[in-house]
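Please examine the sequence and the three-dimensional model below.

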Amino acid sequence: KILNIIVILFFGLTFAACGDDDEMSNSLLIGTWTKQIQWAETNGTRDHSYTFYADGTGRLKSWDWLDQKYKYQKYKWSATDAVISFDMEELPDWGAGGSSIRYYTVTPTSLTLYYSDGDLDGVYTKE
């Protein structure tokens with residue numbers, strides 16, 4: 001019986017610690033993260049940003065080179081200590097809705113995102 005109690009306590013503490021890691025990662029994500037994108041075709045640079053709100057919603061800001069204006073897309077998000085899941089709204093004139101994931105690492109000042117295939121999306125800095 002004592003061995004069973006020890007095993008139960010061990011697993012309980014292990015799962016609680018994992019939950020705390022997720023909560024810490026989620027709290028570090030809250031805010032606006034920006035990177036600069038340069039396009040060779042136009043020789044221009046524009047910022048691209050993700051804003052994460054504590055209520056699990058967010059906003060993507062990206063430059064539409066064709067229309068020469070910023071587009072904003074709302075999303076719902078959730079994260080573990082390694083993966084952010086996005087559920088993007090579909091925009092009437094742009095499409096691009098649906099679900100996606102990004103692998104990530106985060107510090108208080110930098111967010112590094114990777115596409116689901118492991119390729120680097122970029123390093124974002126906190127505003």
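The paragraphs below proceed from the overall fold to the aromatic pairs and then to charges over rings.

This is a predicted model, in which local features need pLDDT of at least 70 and side-chain atom pairs count only at pLDDT 80 or more, while totals for chains, interfaces and linings use all residues. Residues are numbered from 1 along each chain as its sequence is written, and side-chain values use heavy atoms, with hydrogens and water left out.

The protein chain contains one helix and eight strands, where helices (H or I, at least four residues) and strands (E, at least two) are DSSP runs numbered from the N terminus. Read from the N terminus, the order of elements is α-β-β-β-β-β-β-β-β. Of the 127 residues in the protein chain, 33% are buried; buried means under 20% relative accessible area, with a 1.4 Å probe and protein chains only. Contacts are heavy atoms within 4.5 Å. Among those in the protein chain between residues at least 6 apart in sequence, 28% join residues at least 24 apart.

A pair of aromatic rings is described by the distance of the centres and the angle of the planes. Here, rings of Phe, Tyr and Trp (its six-membered ring) pair if their centres lie within 6.5 Å; planes under 30 degrees apart count as stacked, over 60 as edge-to-face and the rest as tilted. The structure holds nine such aromatic pairs. In one of them, the rings of Phe52 and Tyr75 have centres 5.9 Å apart and planes at 70°, so the pair is edge-to-face. Phe52 belongs to strand 2 (residues 44-52) and Tyr75 to strand 4 (residues 69-79), so that the pair links distant parts of the chain, 23 residues apart.

Phe52 counts as buried because its relative accessibility is 1%. Tyr75 is likewise buried, with a relative accessible area of 2%. The ring of Tyr75 also pairs with that of Phe86: their centres are 5.1 Å apart and their planes at 80°, so this pair is edge-to-face. Because Tyr75 lies in strand 4 and Phe86 in strand 5 (residues 83-88), the pair ties together parts that are eleven residues apart in sequence. Phe86 is buried, with a relative accessible area of 3%. Ring pairs link Tyr50, Phe52, Tyr75, Trp77, Phe86 and Tyr124 into a cluster.Charges also meet rings: the charged end of Arg46 sits over the ring of Trp63, 4.3 Å from its centre (CZ of Arg or NZ of Lys within 6 Å of the ring centre and within 35 degrees of the ring normal).

Conventions:
Buried < 20%, exposed > 50% of the residue type's maximum accessible area, 1.4 Å probe, protein only.
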